[in-house]
Amino acid sequence: MNRPLRHVAIFCGLLILALLLRINWVQFVQGETLANHENNRRVQIAQFAEPRGDIIVAGRPVTGSKEVAGQDFTYKRTFTDGPMYAPVTGFASQARGMSLLEKTYDSILSGQDDRFAFKRARSVLTGEPLRGGSVVTTIDPKAQKAAYKGLTDLGARGAVVALEPSTGKVLALASAPSYDPSVFAGMTFKESKRFEALLADKSKPLANRALRETFPPGSTFKILTAAAALEHGVVTDVDAASGAPSPYPLPLSTSKIGSEAGDAVCAKASLKTAMQFSCNNVFLDAASRIGPDKMRETAEKFGFNADVYSEDFGDMLAYKSLYPDRLDKPGTALTGMGQGSLTSTPLQMAMVTAAIANDGKLMQPYIVDKLVDPELSPVEEHEPKLKSRAVSEDTARSVREMMEFTAREGSAKGALIDGITVGGKTGTAQRGVDVEDEVPYGWFVSYGKNADGASVAVAVFIDPTDMDISRADISGGKLGSPIAREVMRAVLVK
């Protein structure tokens, strides 16, 4: 063979070798990634080729599948009580993709999960349709309905989260205004326009305010400040006078901060009285004495500055609630009353309340009880998991004593239920330093326990931007406590 031909042969051999290497790389290394890529048309077709499995609430499916003629996607998703459950289910749209539980557990719902390999093989051999598995949630339908109805009756933007303190089960997860995932589940032009209208809506109906937005928690954070003060020995007797003046001079500042209850009530008030009347001065003073490091340490034990779910929870991952690092003295004091640069999701404040109700033990929140195959046999089951020991049992007991006193004799009376032990705390939060003209947020947190030992912790967040209401009427007690009461009643009163 002459030299030019030999060079051509070697070059062609190298090309063939490179092609073989590339084929093997794509098939064995990148194969799974490419096969499951969200932009892979085959993946999208498989997602809607057969009826999807269901998302289950209390034994009842809140999703379904409807056959669509004349296109690659044979079935499209339907939703029962779509707006009420949208913050839980998310959407499953042929054109717009998926979110929340629909996205996180798509492989189970579409039947493509590796644990269904035998069933897929049987489907190929027998020609039977491949059925998806189902996702069984922890949601209590009565609590969810009470939460959503409470928000929509107000006409407010907001969110409600209810947890079972002893396990971490999410019993309600509501956000308003909401949307119906059914209206853009398909591929039509009309459905596309509906989705675009939702995106453009200034009230942000697609937002999941319970998990994916953070706000200053206002006076509801005072229960954590009280816990930190007791835990670190800054306060040893909740009935002892605090010595904190009212109005309170903010450290390193000429500003003085008063309280709605007035100086006569709040000056030198005890921690218990300060909780009852939400006296800012006592909690500003407590946070200053505790210091930024111990305040942050306690906040982090309650779940701040950390992911609420691990990455295994996919699209159900909540935004982090933040207790800032490197705070100065005035910044630390302001966090004591839930203001400053402190931010929280409604889920996070429900976690704080649940830990107090659970003797200081914070359980990992979870919204999926189990995954089941098409024959309803369990594929995966969730077990309650301790997230942290937030505070001691004695500290939790003392905070509950103050919260229950606040419900009986203070600003949280609106949450009381006959025959139920209730503790609560109101909150009104300013939006920031430069937005005094904007209406504040309303918050309310509470827990309830019945004679059988069942309990529930609730956080209610209200953004009254769209409400026809005076600034003077905006408070967590007026707006949030009736919602919290009905959610607790739905869980505890049978």
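Student: Is R157 buried or exposed?
Tutor: R157 is buried, with a relative accessible area of 13%. Buried means under 20% relative accessible area, exposed over 50%, and partly exposed in between, with a 1.4 Å probe and protein chains only. This is a predicted model, in which local features need pLDDT of at least 70 and side-chain atom pairs count only at pLDDT 80 or more, while totals for chains, interfaces and linings use all residues. Residues are numbered from 1 along each chain as its sequence is written, and side-chain values use heavy atoms, with hydrogens and water left out.

Student: Where is the place of R157?
Tutor: R157 belongs to strand β8. Strands (E, at least two residues) and helices (H or I, at least four) are DSSP runs, numbered from the N terminus.

Student: Leaving aside neighbours within four places in sequence, what is R157 in contact with?
Tutor: With those neighbours set aside, R157 has contacts that include A176, P177, K202, R209, F461 and D463. Contact means heavy atoms within 4.5 Å.

Student: Turning to α8, which of its residues are buried?
Tutor: In α8, the buried residues are A143, Q144, A146, A147, Y148, G150 and L151. The buried residues of α8 pack against α4, β8 (157-163), β9, β18 (455-463) and α19 (481-492).

Student: What span should helix α8 have?
Tutor: Helix α8 (residues 141-154) has 14 residues and should span 20 Å at 1.5 Å a residue; its end C-alpha atoms are 20 Å apart, which agrees. The expected span is 1.5 Å times one less than the number of residues.

Student: Which residue caps the N-terminal end of α8?
Tutor: D140 caps that end, with a side-chain oxygen 2.9 Å from the backbone nitrogen of K142. Just after α8, G155 takes a positive phi of about 70 degrees.

Student: New topic: how many disulfides does a search of the whole structure find?
Tutor: The search finds one disulfide, a disulfide being a pair of cysteine sulfur atoms within 2.5 Å. C266 is joined to C279, with an S to S distance of 2.1 Å. The torsion about their S-S bond is about -75 degrees, so the disulfide is left-handed.

Student: Where do C266 and C279 lie in the chain?
Tutor: C266 is in helix α11 (residues 263-266) and C279 in the loop between α12 (271-277) and α13 (280-290), 13 residues apart. C266 counts as buried at 0% relative accessibility, and C279 is buried with a relative accessible area of 0%.

Student: And how many aromatic pairs are there?
Tutor: The structure holds eleven aromatic pairs. Rings of Phe, Tyr and Trp (its six-membered ring) pair if their centres lie within 6.5 Å; planes under 30 degrees apart count as stacked, over 60 as edge-to-face and the rest as tilted. F91 and F184 form an edge-to-face pair, 5.3 Å centre to centre with 65 degrees between the planes. This pair links distant parts of the chain, 93 residues apart.

Student: Are F91 and F184 buried or exposed?
Tutor: F91 and F184 are both buried. Another pair, F221 and Y323, is stacked, at 6.4 Å centre to centre and 20 degrees between the planes.

Student: Why does the pair of F221 and Y323 tie together parts that are apart in sequence?
Tutor: F221 lies in the loop between α9 and α10 (222-231) and Y323 in the loop between α14 (292-301) and α15 (329-336), so the pair ties together parts 102 residues apart in sequence.

How values were computed. Polar contact = N/O pair within 3.5 Å; in protein donor to acceptor, adjacent residues only side chain to side chain.
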